[in-house]
Structure formats: structure tokens, C-alpha cells
Amino acid sequence: MTLSLIILYVLTLIYLATTERFRNAATIMSLQGWILMAIAIVRLHTLNWAELAFIIAETALFKGIIVPAILFSVIRRTKINRIKASGSSQFHSLLLSLVALTASVSLTYFMADSASQVNVVFFCVALYSLLSGLVLIVLRTRIFSHLVGFLVIENGVFLFSTAIGVEMPHLINIGIMLDILISILMLGIFLTKIDDKLHSDDTDSLTHVKD
């Protein structure tokens, strides 16, 4: 069960590297939230019910519903649903994503012996999630893609805490609080930038009509 969820999560990261439509990216972010909820239930079943309920609420409610709803709202406001033609090609994005996956597997393999208390599978996927988010931020030109990249990185942080959460449950709570805080800050910053961009575009359009 856990391995199937991990494989599905990796496939969503690969798909994010190749998709050109923002609506597809928002849908994948919602799917990742539900996958993380399922992973938390399977992986962290030894925690008490209060902590587990909090984790499920953060993954299912926040990552699976609220954040995707905000992303779809941004898409409707901007009326932009594709990456720019000048951005990196799908091939280059896919190639770098696979390089990131290979690097994650290699690094995890060399660290496996020295990290006996860490679940190497979750560590590997978490590292790949961080690198995938960086690939989206570096290669894509639109702000929306950067926002998705930061959200992918946050999911990676959650998986990092999950990798050692059974042995150190307090790190789960710290990771979740940090995850929520960063998400709120990032969403606020990006929504402000998008709003400023929309107003700037409207002003430029009016000036052009006047001329």
C-alpha cells in the first residue's frame, strides 16, 4: 500500500514537469494532498488520534481542498492557463526531472547506512520533491508555475518529517506548522504580485487605447 502511494506521488511529480496547463497542475496539487493524507494514515498509525487527526486535516483539508481552490481562483482571475511559449520545453523539464530523480536515488543509496533511523524510501521521495519544485521555479517563467514549485517543495518538507516521524513525533508537528506558515506566506506574496500585475496590465491597456 505504501509503495503504491509513493509510486503514484512520484508519477505526479513527473507529470508536473511535463504539463503545460495550469488547471492540470492545480488538479495534481490536490491529488498530492490526498496522497499525503493516505501516506500519513499508513505511515503514522502509531501516533495518537489527536495528532493523526491534525495531520489528516492539514493534508486533506488544506493541501487537498483549500490550496487547489486558491490556485483555480488565480487561474480564473488571470485567464491564463498555459506556460509561455518562451519557457523551457517539455523535453528539457522532463529530462531535468529524471536527473533529479536519479540524483535523489543515488544520494539516498549512499546515505542509507548512516541514516538507520530514517525511512530511506520517504527520504528519497522527499528529496526528489524538493528538487522537482526547484526545477519548476528555475525553468518556468510565469509566477503561477513558481507558486506550484514552492508548494511542491512544501510537500517535500512534509515527507521529510514523515520519514522520521515515527521515531520523533514532535518533528511532525513542527513540520506541519512550518508547512502551513510558509504556505500562507507564499500564497499571500504570490497573490499580491498577481494582483499588481493585473492592475499594471489594465493600466497599460488603457494607456494604449488612449494613445
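Predicted model: local features only at pLDDT ≥ 70, side-chain atom pairs only at ≥ 80, totals over all residues.
Good morning. Is serine 104 buried or exposed? Its relative accessibility is 0%, and buried means under 20%, so serine 104 counts as buried. Which residues does serine 104 touch, once those up to four places away in sequence are set aside? The answer is Cys124, Leu127, Tyr128 and Leu131.

Let us now step back to the whole chain. The secondary structure consists of 7 helices and 0 strands. Of the 211 residues in the chain, 43% are buried. If we take the contacts with a separation of 6 or more, 77% of them join residues 24 or more positions apart.

I turn next to how the helices pack. Two packed helices are described by the angle between their axes and by the distance between those axes. Consider helix 1, residues 2-18, and helix 2, residues 22-43: their axes come within 10 Å and cross at roughly 160°. Angles over 145 degrees count as roughly antiparallel, and helix 1 and helix 2 are therefore roughly antiparallel to each other. Their crossing is left-handed. On the side of helix 1, the residues in contact include Leu5, Tyr9 and Leu16; on the side of helix 2, they include Ile28, Ile35 and Val42. By class, this contact has 16 nonpolar and 4 polar residues, with no charged residues.

Helix 2 also packs with helix 6. Here the angle is about 10° and the axes are 11 Å apart. That makes helix 2 roughly parallel to helix 6. Among the residues that make this contact are Phe22, Met29 and Arg43 of helix 2, together with Phe144, Asn155 and Phe158 of helix 6. Sorted by class, the contact of helix 2 with helix 6 has 13 nonpolar, 4 polar and 1 charged residues.

Finally, a closer look at helix 6 itself. Helix 6 covers residues 143-163, which is 21 residues. From its first C-alpha to its last it reaches 30 Å, close to the 30 Å expected at 1.5 Å a residue. How many of its 21 residues are buried? The count is 16, and helix 6 is thus mostly covered.

To close, helix 2 is roughly antiparallel to helix 1 and roughly parallel to helix 6. Thank you for your attention.

Notes: Residues numbered from 1 in each chain as written. Heavy atoms only, no water. Axes fitted to C-alpha atoms, helices over the stretch in contact; angles between N-to-C directions. Helix = DSSP H or I, 4+ residues; strand = E, 2+ residues; numbered from the N terminus. Parallel < 35°, antiparallel > 145°, perpendicular 65-115°, else oblique. Left-handed = near helix turned anticlockwise from the far one by under 90°. Contact = heavy atoms within 4.5 Å. Nonpolar A, V, L, I, M, F, W, Y, C, P; charged D, E, K, R; others polar. Expected span 1.5 Å × (residues − 1). Buried < 20%, exposed > 50% of the residue type's maximum accessible area, 1.4 Å probe, protein only.
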